[in-house]
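Work through the exercises below with the structure in view, and try each task before you read its solution.

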Amino acid sequence: DGLCFKLVSENYAANKPELRADAYAARRDNKWIVVVNEEADQEEGNPYDAILEGTLMFSPDGRHVVYAANQDDKSLVIKDSEILGRYVWAGRPAFSPHASRLSYEVEQKGKRRLIVDSVAGRAYDALGDCVFSPDGKRVAYWAKRDGMWIVVLDGQEGEPYDGYGERSLVFSPNSQRVAYVAVRNGKGLVRVDGTEGKPYDAILAGTPVFSLDSKRVAYGAMRNGKWLVVTDGLEGGEYDLLGEHTLWFTPDSRRLAFVAGYGRRLTFVVGEEVANDYDMFPRGSGWVRDAPGGFHKIPV
């Protein structure tokens with residue numbers, strides 16, 4: 001008598017069309033079930049009180065389905081019909097890039113823990129962003145204790161900070177390096193491989209970013225009302241505006257590309273080259289790679 005949401009494993013369908021998979025959560029008699037490939041994931045006599053919206057997902061390879069559900073005042077995490085655990089509360093699960101590992105946040109005895117591969121981490125007051133490295137072998141996340149935030153990298157705790165930049169915790173493409181935005185005394189700073197950068201008034205959303213060869217890192221920063229780009233620790237020129245989520249290294253890792261603004265006009269910068277200025281770059285205008293060493297943005 002109700003349909004919550006439907007999910008189709010697009011990657012799975014594209015890679016192996018004959019194994020196309022889909023899943024959805026449905027309500028019957030005020031109870032919820034998950035249906036995978038048109039087969040109920042639960043026995044008819046054991047439905048759930050709720051399927052937590054936003055938790056139903058396929059693994060990157062499309063071979064596994066995971067979600068969180070409520071039953072008898074407990075939160076359950078279910079993978080491929082198997083209940084992995086029952087908790088006071090459970091958050092959204094996340095797979096590693098190659099689907100070999102699974103993590104999710106839970107509450108136990110008033111504390112939050114990250115479960116990775118069915119192993120619980122330390123107890124904290126709160127948890128923040130969690131990311132796997134591209135090769136899936138490493139995991140990092142933010143954790144709060146006694147009012148301070150720290151990065152837990154491969155189980156080891158880092159330096160404490162007043163706060164952090166959401167979705168700024170990133171691994172390099174080769175999985176060997178880590179960078180993130182932290183906040184101290186109201187200032188933002190970028191920490192790369194354990195080394196702190198200068199404090200700024202703000203750090204641009206969508207940064208830091210690594211080059212494809214993992215050797216370089218860049219981010220946007222604000223100082224005294226002006227934006228600048230910091231590349232490999234060196235500050236560039238000042239701009240009135242930097243486009244959020246627009247900093248990218250060219251495919252050969254030699255140059256940095258980004259959208260910047262002077263006054264109300266926007267321009268596209270690639271290395272030392274500055275394109276014509278425009279009124280705006282609409283959403284969806286997109287980046288186009290046209291050579292091994294560069295790419296451009298098409299305004300619409």
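**Exercise 1.** Find how many aromatic pairs there are, and describe the pair of Tyr239 and Phe258.

*Solution.* Begin with the rule, by which rings of Phe, Tyr and Trp (its six-membered ring) pair if their centres lie within 6.5 Å, while planes under 30 degrees apart count as stacked, over 60 as edge-to-face and the rest as tilted. By this rule the count comes to eight aromatic pairs. Next take Tyr239 and Phe258, whose ring centres are 5.6 Å apart with 75° between the planes, so the pair is edge-to-face. The pair links distant parts of the chain, since Tyr239 is in strand 28 (residues 234–239) and Phe258 in strand 31 (residues 256–262), 19 residues apart; strands (E, at least two residues) are DSSP runs, numbered from the N terminus. Finally, buried means under 20% relative accessible area, exposed over 50% and partly exposed in between (1.4 Å probe, protein chains only). Tyr239 counts as buried because its relative accessibility is 10%, and Phe258 counts as buried because its value is 6%.

The model is predicted, so local features need pLDDT of at least 70 and side-chain atom pairs count only at pLDDT 80 or more, whereas totals for chains, interfaces and linings use all residues. Residues are numbered from 1 along each chain as its sequence is written, and side-chain values use heavy atoms, with hydrogens and water left out.

**Exercise 2.** State the strand order of the open sheet of four strands, and work out how its strands pair.

*Solution.* Two strands pair if DSSP finds at least two bridges between them. The order is 15-16-17-18, with antiparallel pairing, and the edge strands, each pairing on one side only, are strand 15 (126–132) and strand 18 (156–157). Strands 15 and 16 pair over five bridges, and here Ala126 has Lys144 as its bridge partner. These two strands form a hairpin with six residues between them, and Gly136 in the turn has a positive phi of about 80°.

**Exercise 3.** Is Ser175 buried or exposed, and which residues does Ser175 contact?

*Solution.* First locate Ser175 in the loop between strand 20 (170–171) and strand 21 (178–184). Its relative accessible area is 1%, so Ser175 is buried. Contact means heavy atoms within 4.5 Å; leaving aside neighbours within four places in sequence, Ser175 is in contact with Ser133, Pro134, Asp135 and Arg138.
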